[in-house]
Structures are given as C-alpha cells and as structure tokens.
Amino acid sequence: MSFDTETCELVLGAGLNQPSYSVRRLHDLKEVWANPIQEEDQVIYRYTSALHLRDDAAIWKQANVAYGIVIFVPGSFSGEYVKSSGQFHPPVQPCNMGTPEIYTVLSGVGHFLLQKASPPFERIEDAVLVEVQAGESFVVPPDYGHLQINPGSEPLVFSYAVMDGMKGRYDPFKKRQGAIYYEMANRGGEFVFNANYPDRLPLHMLRAADLCQLPELNKNVTYQAIRDRLSQLPFLTDPTLFPKSAALRKG
C-alpha cells in the first residue's frame with residue numbers, strides 16, 4: 001500500500017482484501033468548524049475500513065478487530081487546521097464503557113484531541129491533546145471522544161485498530177459545534193476554547209513518545225506488528241482489560 005503525495009489518495013496494492021474506501025469533504029463537517037466555511041467544497045481526508053492482507057482475514061475476524069488507514073490533506077479552512085468531525089465510541093455491555101483505539105502515525109505529524117465523557121456525553125471530565133510523530137503510536141483510553149488534526153504542511157497518514165463494527169457517535173460533537181478546543185492555524189496553532197461547552201477545562205498537552213503506553217508498540221509500528229499481537233490487545237473489545245499502565249497521565 002502507498003499514497004500519492006500530490007493527490008492524497010491511497011493506492012491499494014496486490015494481496016489486499018477489498019475494503020470500503022471512503023472520503024470526507026470539507027462541507028461534510030460544516031457543523032463542527034469554528035467559523036463558517038468560505039472555501040469551495042473539496043475532499044479533506046480519505047480512509048479505508050477493515051483493511052488486511054487476504055490471507056489474514058481469519059485472524060482479524062477471530063480478534064473482532066478492524067484495521068484501517070487514513071490520509072488527511074494539509075492546510076486550513078476559515079482559520080482552522082484540517083480535522084475530522086470527532087466521535088465517541090458507544091459503550092459496550094455489560095461494562096457500559098466505550099472501547100479504546102490504537103493509532104499509529106505513518107507519515108507527517110498528527111494532533112489527536114481527546115475529551116472524556118460518559119453517555120449522554122454532556123459533561124466533559126478531561127481534555128487532552130496528544131502529539132504523535134511519524135513512527136509513533138498511542139492508545140485512546142476507554143470513554144475518550146477523539147478527533148484528528150493535521151497541523152503540518154504535508155499529508156498526515158495514520159493507521160487505526162478498533163473493535164470491528166464499532167459505530168461512532170458523532171452527534172455530541174455536532175451539538176456543540178466541534179470539540180472542546182479548536183486548533184486555529186491563523187493564530188499560529190493556538191488552541192481556542194469552544195464556548196458552546198459549559199465548563200472551561202484546561203487542555204493537557206502530551207507527546208506520544210513520552211507516554212509510551214504500550215512499549216512493544218511504541219516505535220515504527222507496522223500492520224504486521226499489530227496483527228501478530230492481537231491476542232495481547234484484548235482491551236480493544238473489552239475496555240475493562242485496558243491496562244492502567246497505558247493511562248494518559250499517571251497517578
């Protein structure tokens with residue numbers, strides 16, 4: 001698999017299954033931008049779901065985990081860096097907790113903005129920004145809503161591993177016109193509080209390299225590395241097994 005740096009399109013090679021390949025356009029996110037969008041509509045990111053080598057289908061099915069790749073264009077719109085719309089993972093039963101997700105940046109630099117809340121997602125308990133460099137991974141803990149931002153001048157490409165069939169909840173972000181903070185390009189990357197949230201929480205700034213949540217998946221993580229460790233990642237489908245050592249902040 002490769003990607004075209006000019007068009008920001010993913011190129012699927014031989015030996016892969018035939019995953020869904022979707023796009024999100026600028027105006028698809030009209031409900032979550034900080035300011036009204038003035039620019040013409042265009043594709044801002046592309047992604048696959050349930051991507052794997054054909055011979056690995058049974059491995060991923062048994063683990064009930066899906067792997068995919070996402071590519072964001074660089075740039076900003078109405079003063080805000082390119083981003084996704086934001087989602088919470090729905091709680092699974094009987095624990096009533098949202099499932100975690102593993103992200104690995106393959107190229108570029110990603111800012112992953114997280115906000116913790118439980119259904120009905122009205123009260124935010126924590127707000128965190130994790131910077132992830134190429135080759136680094138980090139894990140979204142249970143019950144953290146999240147979105148991705150491309151603050152760089154080149155495409156952002158990252159992979160994800162998540163419970164298969166997970167249907168994200170986007171409405172909590174749309175209801176409040178985005179996440180609790182916006183990253184504004186026209187202010188030099190300043191984070192601006194979203195006044196649609198009732199409580200102004202501080203935004204904790206972290207780096208994936210410092211977190212080292214899963215040491216065995218800390219650097220140069222490949223598809224094969226995650227595939228071969230699926231049995232060691234049961235928390236992807238059972239949040240109660242999420243290791244305390246992988247918390248965003250210790251103590």
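**The pocket and its lining**

The lining of the largest pocket has 14 nonpolar, twelve polar and seven charged residues. Here Ala, Val, Leu, Ile, Met, Phe, Trp, Tyr, Cys and Pro count as nonpolar, Asp, Glu, Lys and Arg as charged, and the others, Gly among them, as polar. This is a predicted model, in which local features need pLDDT of at least 70 and side-chain atom pairs pLDDT 80 or more, while totals for chains, interfaces and linings use all residues. Residues are numbered from 1 along each chain as its sequence is written, and side-chain values use heavy atoms, with hydrogens and water left out.

The largest pocket holds about 700 Å³ of space. A pocket is an open set of points on a 1 Å grid over the protein atoms alone, where a 1.4 Å probe fits, with protein on both sides within 12 Å along at least five of seven lines; lining residues have an atom within 4 Å of a point. The volume is the space filled by probe spheres set on the points, which are joined across faces, edges and corners.

Which residues lie nearest the centre of the largest pocket? They are Tyr47, Gln87, Tyr160, Met166 and Tyr170, out of 33 lining residues. Elements that give two or more residues to this lining are β3, β4, β5, β10, β14 and β15. Strand β15 gives the most, with four residues. Strands (E, at least two residues) and helices (H or I, at least four) are DSSP runs, numbered from the N terminus.

Stay with β15, where Ser159 sits. Ser159 is buried at 2% relative accessible area. Buried means under 20%, exposed over 50%, and partly exposed in between (1.4 Å probe, protein chains only). Beyond its neighbours within four places in sequence, Ser159 is in contact (heavy atoms within 4.5 Å) with residues including Tyr67, Ile102 and Leu106.

Tyr181 stands opposite Phe193. Five residues lie between the strands, and Gly188 takes a positive phi near 70°.

Most residues other than glycine have a negative phi, and most peptide bonds are trans. Ala50, in the loop between β4 and α1, has a positive phi of about 50°. Ser78 also has a positive phi, near 50°, and is buried at 18%. Two peptide bonds are cis: Gln93 to Pro94, with omega near 10°, and Pro119 to Pro120, with omega near 5°.

Side chains of opposite charge can pair when their charged atoms come close. The structure holds eight salt bridges, each a side-chain nitrogen of Lys or Arg within 4 Å of a carboxyl oxygen of Asp or Glu. Glu31 pairs with Lys174 at 3.9 Å. Glu31 is in the loop between β3 and β4 and Lys174 in helix α2, so the pair ties together parts 143 residues apart in sequence. Arg227 and Asp56 form a salt bridge at 3.0 Å. This pair links helix α4 to the loop between β4 and α1, 171 residues apart. Arg227 is buried at 18%, and Asp56 is buried at 8%. Salt bridges that share partners join Asp56, Arg227 and Asp228 into one network.

Terms used:
Pairing = 2+ DSSP bridges.
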